Amino acid sequence: MAKVYGAVTIDSDRCKGCDLCVVACPTDTLSLQPKEVNDRGYHYAYPAHPETCIGCAACATVCPDACIEVYRVVDRQK
């Protein structure tokens, strides 16, 4: 049976650290960078636990700046 995994990419240069994606994620995959800031001075979102992503795209849906892309990866085991 095939298993579906998610993969998240975040444009950290455009992210303003609004925290909406972190709150919307049902699997706690995303977090805000605690120490680093981007060129605009914001603590940006990043996939803290990428292995837990299920590809639901809730984070991309709520992102007001469209900084997040979600991909679904299918693992077909025989």
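Me: Before we look around, what makes a stretch of this chain a helix or a strand?
Reply: Helices (H or I, at least four residues) and strands (E, at least two) are DSSP runs, numbered from the N terminus. By that rule the chain has two helices and four strands, in the order β-α-β-β-α-β from the N terminus on. This is a predicted model, where local features need pLDDT of at least 70, side-chain atom pairs count only at pLDDT 80 or more, and totals for chains, interfaces and linings use all residues. Residues are numbered from 1 along each chain as its sequence is written, and side-chain values use heavy atoms, with hydrogens and water left out.

Me: Happy with that. Why is Asn-38 called buried?
Reply: Buried means under 20% relative accessible area, exposed over 50%, and partly exposed in between (1.4 Å probe, protein chains only). Asn-38 has 8% relative accessibility, so Asn-38 counts as buried. Across the chain, buried residues make up 24% of the 78 residues.

Me: Where is Asn-38 found, and what does the side chain of Asn-38 reach?
Reply: Asn-38 is in the loop between strand 2 (30-32) and strand 3 (45-47). Its side chain reaches the backbone oxygen of Cys-15 at 2.7 Å. A polar contact is a pair of N or O atoms within 3.5 Å; within protein, one must be able to donate a hydrogen and the other to accept it, and residues adjacent in sequence count only if both atoms are side-chain atoms. Contact in the wider sense means heavy atoms within 4.5 Å. Leaving aside neighbours within four places in sequence, Asn-38 is in contact with Ser-12, Asp-13, Cys-15 and Tyr-44.

Me: Now Thr-52: what makes this residue partly exposed, and which residues does Thr-52 touch?
Reply: Thr-52 has 29% relative accessibility, so Thr-52 counts as partly exposed. Thr-52 lies in the loop between strand 3 and helix 2. Not counting residues up to four places away in sequence, Thr-52 touches Thr-27, Asp-28 and Thr-29. The side chains of Thr-52 and Thr-29 are joined by a polar contact of 2.8 Å. Thr-52 and Lys-35, by contrast, are 17 residues apart in sequence and 23 Å apart in space, C-alpha to C-alpha.

Me: Which residues touch the most other members of the largest nonpolar core?
Reply: A nonpolar core is a set of buried Ala, Val, Leu, Ile, Met, Phe, Trp, Tyr and Cys residues joined through side-chain atoms within 4.5 Å. Of the 13 residues in the largest one, Val-8, Ile-10, Cys-21, Leu-30, Ala-45, Cys-59 and Ile-68 touch the most other members. Strand 1 (2-10) and helix 1 (20-24) each supply at least two residues of this core. Not counting residues up to four places away in sequence, Ile-68 touches Val-8, Thr-9, Ile-10, Cys-21, Cys-59, Ala-60 and Cys-63.
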